[in-house]
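Student: I would like to learn how to read a single-chain model from its computed features. Please take the general idea of each feature, then the case at hand.

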Amino acid sequence: IWTTRRPRPDADELANAIALIKKSEKPVIIAGGGVLYSQATKELTDFADAHGIPVVVTQAGKSAIDERHPLALGSVGVTGTSAANAIAEEADLLIAVGTRCQDFTTGSWALFKNETLSILGVNIAAYDAVKHDGLALVADAREGLKAISEGLAGWKAPAALAAKAEKEKKIWTEAAAKAMATTNAALPSDAQVIGAVTRTIGGENAIALCAAGGLPGELHKLWPATVAGSYHMEYGFSWMGYEAAGGLGAKMGHPGQDVSVMVGDG
């Protein structure tokens, strides 16, 4: 039986992380694939709720939080939503959980405009935790989030941050709905195809699977991921053809769910 090793944070690193968050006024959590690998989705949501911090997601981190949550702003970076990127632009602290902050996520670091920006890297791999001169918290994502939250007991980000997140999310949600709405066009857009699929088989029982081409960008923004694992994107290698075998494997692993395979590079 294989069990997940869950290294806990070093006491000094933890104290520094808590102090850094308490100094921030516009923090944002960037959730990566490590949140899903750690099965830390509940802890991530609890953390956001307890401390009023918006959550944005990478390609690998999509579905780490229910996108219906008021603080869940969706994808970030080059393929990001307007809401996520608006919050990220002004952030004075990135809490990067289980992500290596690669170029698609950060827009090659052009996304962040705040000159006082600091980075806290919560990662099982020390190499990724210290990236970009960040303050490292080397730990399992689930254990790291729990430990930080305990240390922050009673602390919340300024209410103006959640209010701005709500405002920006409303703007994005309306724009996305318009893009995905049916027009009966002879040649529908990628967004309209995604809209049709989500209206037909979307929801908590659906899994979207893709790999390469242009669709990963559209799905990252538009697929309504509500439960962990409802979004499966092989984008580390952008491997053309993965969709066929990957779709069969997803259906074998989850025979009771609707698996929607979208080929992004035919």
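The dialogue below goes from the whole chain to single residues.

Tutor: This is a predicted model, in which local features need pLDDT of at least 70, side-chain atom pairs count only at pLDDT 80 or more, and totals for chains, interfaces and linings use all residues. Residues are numbered from 1 along each chain as its sequence is written, and side-chain values use heavy atoms, with hydrogens and water left out.

Student: How many helices and strands does the chain have?

Tutor: Helices (H or I, at least four residues) and strands (E, at least two) are DSSP runs, numbered from the N terminus. Here the chain has 11 helices and nine strands.

Student: What does the radius of gyration say about the chain?

Tutor: The radius is taken over C-alpha atoms, and the globule rule is 2.2 Å times the number of residues to the power 0.38. For 266 residues the rule puts a compact globule near 18 Å, and the chain agrees because its value is 18 Å. The C-alpha trace spans about 60 × 45 × 30 Å along its principal axes.

Student: What share of the residues is buried?

Tutor: Buried means under 20% relative accessible area, exposed means over 50%, and partly exposed lies in between (1.4 Å probe, protein chains only). By that rule, 49% of the 266 residues are buried. Accessible areas come from the Shrake-Rupley method with a 1.4 Å probe, and for residues only the protein chains shown count as cover. The accessible surface of the chain is about 12700 Å², with 57% of it belonging to carbon and sulfur atoms.

Student: What part of the contacts joins residues 24 or more positions apart?

Tutor: A contact means heavy atoms within 4.5 Å. Among contacts in the chain with a separation of 6 or more, 70% are between residues 24 or more positions apart.

Student: How many charged side chains are there, positive and negative?

Tutor: Lys and Arg count as positive and Asp and Glu as negative, while His and the chain ends are not counted. Each charge is placed at NZ of Lys, CZ of Arg, CG of Asp or CD of Glu. The chain has 23 positive and 29 negative side chains, and the centres of the two sets lie 3 Å apart.

Student: Which residues of helix H10 are buried?

Tutor: They are Leu215, Pro216, Gly217, Leu219, His220 and Leu222. Helix H10 (residues 215–222) is largely enclosed by the rest of the structure because six of its eight residues are buried. Those buried residues pack against strands E2 (55–57), E3 (72–75), E7 (206–210) and E8 (231–233), and against H8 and H9. In helix H4 (residues 82–90), the buried residues are Ala83, Ala84, Asn85, Ala86, Ile87 and Ala88. The buried residues of H4 pack against strand E1 (27–31), E2, E3 and H8.

Student: Is Glu243 buried or exposed?

Tutor: Glu243, in helix H11 (residues 242–253), is buried at 2% relative accessibility. A polar contact is a pair of N or O atoms within 3.5 Å; within protein, one must be able to donate a hydrogen and the other to accept it, and residues adjacent in sequence count only if both atoms are side-chain atoms. The side chain of Glu243 reaches the backbone nitrogen of Gly264 at 3.4 Å. Beyond four places in sequence, Glu243 touches several residues, including Leu209, Cys210, Val261 and Met262.

Student: Where is Ile201, and what is its relative accessible area?

Tutor: Ile201 lies in helix H9 and is partly exposed, at 27%. Apart from neighbours within four places in sequence, Ile201 is in contact with Ala206, Asp258 and Ser260.
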